[in-house]
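Here is a short briefing on one protein model. Overall figures come first, then selected local features.

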Amino acid sequence: MSQDSAAVPDAARKLAARRRREIVAVLLFSGGPIFESSIPLSVFGIDRQDAGVPRYRLLVCAGEDAPLRTTGGLELSAPYGLEAISRAGTVVVPAWRSITQAPPPAALDALRRAHEEGARIVGLCTGAFVLAAAGLLDGRPATTHWMYAPTLAKRYPSVHVDPRELFVDDGDVLTSAGTAAGIDLCLHIVRTDHGADAANALARRLVVPPRRTASDLGHQRYLDRSLPEEIGADPLAEVVAWALEHLHEQFDVETLAARAYMSRRTFDRRFRSLTGSAPLQWLITQRVLQAQRLLETSDYSVDEVAGRCGFRSPVALRGHFRRQLGASPAAYRAAYRARRPQNGAPEPALRPERAERPERERAALGAGAGFSAAALAGHGLAEAAEAAKPQSDAYAPRLPETAVGRAAGRPVLPGQRERPVG
């Protein structure tokens, strides 16, 4: 379930006198996708007072020098520059053009100043990378498009990345998952500011559900079985779909490359360019995710789970599972069952530092664990150098301290290990 701002009232800073919460600055960059960019413009930039929706004042700001090119080669001309952000009590970064590029320093400085003066900072989809680059997500929970969550976690290890959420509200800093989840977060902002009636009225005008959650959507199934948009029409889409349907079988990346009629090197390069993830990392992460589901929903023993997820041995499962989730499969199952809601009562949304968050629908495509050459050899893979580098598992769900032997207090991110356990 998405985190609710009511659970984190102490996170908000005092708003500077010259800033007003209903003034919304939307920060646009060249190369940003037009759909994500248009979401806050549609929500906060149109007067719908006749429908019972309170009015916001919208300031569309250029985050860098013009022209701002977007999807399809369109050029945008923003009426304001970065200086207009100084008046906004809400600043939205709807997207960032490339997760491999650093945002402009001037834009990052403007975001930091706005945050220091109490403004609410919002990152939609890949906009979370801009907030992270500004240091605004350090030590905070956050989300982004599931496909880029591993990259965000690896690049900014102090950020608690959770790709299972539609959006995360941490008081004065909010982030959303990919594409349409930006609508969910913007509706949440309206609900926070003006109540459920206003948000529901706006949802009716936009013809969208007034309030969605990951569990309502079957978010786990959606994320695990969907393919990145970039490969939807690519031959690799069929190979990835096959892999997801056959995780119970023992196969490696060489098998996937052969199914794609590519050499291993070409397949690795093509897979990385389209998904941002190494195929080996992605494959092992999918096996761990499948193990999570079976541990949560079945009574299979750990040995049986290992076999049903394509691991060559229970030892391999335990090592990779502990690396990604910070606990053994048995401890994870026990902790998950201990936290399940009783009698169907919903669990409240809590900040990670106050209590462990509910472990519900598991979903995250991508990779978040490093593997030693020995571990990779167990999967029959020759080229292990890149995948053997330690990867951050900061976006993995954290378990109660009693389950993993950590000290009380704010959860500690699972440490990077140079070799798998077992």
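Accessible areas here come from the Shrake-Rupley method with a 1.4 Å probe, and for residues only the protein chains shown count as cover. On that basis the protein exposes about 17600 Å², and carbon and sulfur atoms supply 52% of it. The model is predicted: local features need pLDDT of at least 70, side-chain atom pairs count only at pLDDT 80 or more, and totals for chains, interfaces and linings use all residues. Residues are numbered from 1 along each chain as its sequence is written, and side-chain values use heavy atoms, with hydrogens and water left out.

**Overall fold**
- The protein has 17 helices and ten strands. Helices (H or I, at least four residues) and strands (E, at least two) are DSSP runs, numbered from the N terminus.
- Of its 422 residues, 57% count as buried. Buried means under 20% relative accessible area, exposed over 50%, and partly exposed in between (1.4 Å probe, protein chains only).
- Take contacts between residues at least 6 apart in sequence: 70% of them join residues at least 24 apart. A contact means heavy atoms within 4.5 Å.

**Around T126**
- T126 sits in the loop between β6 (120–123) and α3 (127–133).
- T126 has a relative accessible area of 7%, so it is buried.
- Leaving out residues up to four places away in sequence, T126 touches A95, W96, I99, T144 and Y148.

**Aromatic rings**
- The whole structure holds seven aromatic pairs. Rings of Phe, Tyr and Trp (its six-membered ring) pair if their centres lie within 6.5 Å; planes under 30 degrees apart count as stacked, over 60 as edge-to-face and the rest as tilted.
- Why is the pair of Y332 and Y336 stacked? The ring centres of Y332 and Y336 are 6.4 Å apart and their planes lie at 10°.
- Y332 and Y336 are about one helical turn apart, because they are four residues apart in helix α15 (residues 329–339).
- Y332 is buried at 1% relative accessible area. Y336 is buried too, at 13%.
- F267, F271 and W282 form a cluster linked by ring pairs.
- R287 lies over the face of F251, 4.7 Å from the ring centre. The cut-offs for a charge over a ring are NZ of Lys or CZ of Arg within 6 Å of the ring centre and within 35 degrees of the ring normal.

**Helix packing**
- Helix α5 (residues 181–194) packs against helix α6 (residues 196–206) at about 145°, with axes 7 Å apart. Axes are lines fitted to C-alpha atoms, for helices over the stretch in contact, and angles run from 0 to 180 degrees between N-to-C directions.
- L187, V190, R191 and H194 of α5 make the contact with A196, A198, A199, L202 and A203 of α6.
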